[in-house]
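Hello,

Here is the structure I promised to pass on to you.

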Amino acid sequence: MRLLHTGDWHIGKRLYGVDRLREFADALEEIAQIAADNDVDAILMSGDIMDRRIVEPLVLSTCLQAFERLAQVAPVVAITGNHDEPLFWAEIAPYLAPRILLAASEAVFGVDTAAGRLTVACMPWPEPAETPTATGDDRGVSRAAYAELVTERLEGLAHQAAASRRDHPGPCVLLAHAMVKGGVSGGGERELTLAGTYAVPGGAFPATFDYVALGHLHQPQMMRAIPTTGRYCGSPLALDFSGDGTNPSVTLVDLEGDVTQVTEVPVTAGRRLIRLRGTLDQLPDLAAQHDNAWFFCEVQSDGVRLDVVREVRDRIPNALRVEQLNEGSPTQPPSTEDEPVAASLPDMYAQWLTTTGRTHHSDLLATFTDVVERTGER
């Protein structure tokens with residue numbers, strides 16, 4: 001039996017205000033094509049379907065179209081992640097297109113595939129707020145209680161899956177959205193939702209499953225601490241400049257008897273996220289080496305350039321973020337004969353108006369100066 005493992009779609013996530021819905025749609029269409037080309041028997045989606053719990057119509061439409069397209073290839077089993085609203089998905093699940101099973105709470109599904117019966121145990125994101133702790137408990141107690149809660153749920157799912165498997169022999173997999181100890185982040189995960197302090201030890205995952213399909217971390221990676229084959233498939237789209245997107249991919253999983261093999265398949269539809277570092281004159285040539293990309297530009301300069309963001313974006317329209325790296329002496333502000341150093345904020349503001357060709361308004365400058373002076377008195 002061959003499965004396709006995908007997850008962490010985060011449909012609707014913006015990048016510095018840029019709407020990337022078209023990129024998400026293209027990446028999901030590529031995933032459907034990968035599934036078709038590799039003749040998969042079922043598709044596993046391991047949570048974080050959308051980026052926000054607030055449902056936006058266009059984002060939901062893109063999501064539902066993606067599910068329907070995948071279901072044309074093979075049965076789909078999906079779970080909710082920490083970015084998804086479980087109550088919403090629980091209500092909408094019965095109305096999804098045929099061959100789409102979605103779990104917003106623990107469940108075990110028996111899925112009929114072209115290769116036979118597949119048992120899928122589902123553990124959506126376990127909310128840390130459900131941890132039974134008392135007021136005043138320290139972090140250590142909370143973490144231990146959370147790990148115990150998740151371990152109990154995993155044991156319960158393993159028991160249910162084993163019973164289902166006895167009645168209907170065939171491969172059995174676990175689909176889970178969770179933070180496993182030892183997992184490597186760095187893929188645009190938000191620290192407040194990463195829940196790194198609420199991690200589950202790999203040994204908590206029962207060895208009875210043929211494969212553990214994980215979601216939550218955006219970097220594709222094997223989890224060796226799990227006593228069976230367990231893997232984060234990663235996100236199919238680069239989501240942030242913090243390091244993800246080096247391997248946007250999905251995972252093919254081949255199950256044959258007691259042997260499980262995984263293959264990482266790249267997803268290339270979305271733009272790459274590239275960091276560039278150089279002088280203002282060097283950056284355009286550096287950007288020209290990368291097609292179909294968004295850029296984070298770090299501008300090396302001997303002095304402070306007051307309108308550097310506009311100057312970079314004039315040269316590189318796809319520059320989403322611009323930061324200036326001032327390499328001058330920290331104790332002696334750089335200066336030139338043509339550009340005298342501004343001695344105060346009002347002077348710097350006036351200099352910026354001159355540099356950018358904007359009109360000086362004496363009343364506005366006076367007000368600005370007054371505000372700066374009064375702020376300094378506090």
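Strand 5 (residues 107-113) has A107, F109, V111 and T113 on its covered face, while V108, G110 and D112 make up the uncovered one. Helices (H or I, at least four residues) and strands (E, at least two) are DSSP runs, numbered from the N terminus.

Some background before going on. This is a predicted model, in which local features need pLDDT of at least 70 and side-chain atom pairs count only at pLDDT 80 or more, whereas totals for chains, interfaces and linings use all residues. Residues are numbered from 1 along each chain as its sequence is written, and side-chain values use heavy atoms, with hydrogens and water left out.

Back to strand 5: it runs antiparallel to strand 6 (residues 116-123), and seven bridges join the two. Two strands count as paired if DSSP finds at least two bridges between them. V111 has L118 as its bridge partner in strand 6. With two residues between them, strand 5 and strand 6 form a hairpin.

Next, helix 7 (residues 308-315), where V308, E311 and V312 are buried. These three cover an arc of only 95° around the axis, so they sit on the same side of helix 7. The arc is that of the directions from the helix axis to the C-beta atoms. As for accessibility, buried means under 20% relative accessible area, exposed over 50%, and partly exposed in between (1.4 Å probe, protein chains only). The buried residues of helix 7 pack against helix 6 (283-287), strand 14 (293-301) and strand 15 (319-326). Contact here means heavy atoms within 4.5 Å.

V250 is a residue to look at in your viewer. V250 lies in strand 11 (residues 249-256) and is buried, with a relative accessible area of 0%. V250 touches L4, H5, T6, I31, I34, T263, E264, V265 and V267, leaving aside residues up to four places away in sequence. One of these, T6, is 244 residues from V250 along the chain, yet their C-alpha atoms are separated by 5.2 Å.

T369, in helix 9 (residues 362-377), is partly exposed at 24% relative accessibility. The C-alpha atoms of T369 and S344 are 9.5 Å apart, with 25 residues of separation along the chain.

Most residues other than glycine have a negative phi. The phi of D39 is near 50°, a positive value, and that of D48 is near 55°, also positive. D39 is in the loop between helix 1 (21-37) and strand 2 (42-45), and D48 in the loop between strand 2 and helix 2 (57-71). Are they buried or exposed? D39 is exposed, with a relative accessible area of 61%, whereas D48 is buried at 1%.

The structure holds three cavities of 30 Å³ or more. On a 1 Å grid over the protein atoms alone, a cavity is a set of points where a 1.4 Å probe fits but cannot get out, and lining residues have an atom within 4 Å of a point. Grid points are joined across faces, edges and corners, and a volume is the space filled by probe spheres set on the points. The second largest cavity has a volume of about 40 Å³, and its lining consists of I11, G12, M50, D51, R52, I54, E56 and V59.

Best wishes

Terms used
1 Å grid on protein atoms, 1.4 Å probe; cavity = no way out; pocket = protein on both sides within 12 Å on 5 of 7 lines; lining within 4 Å.
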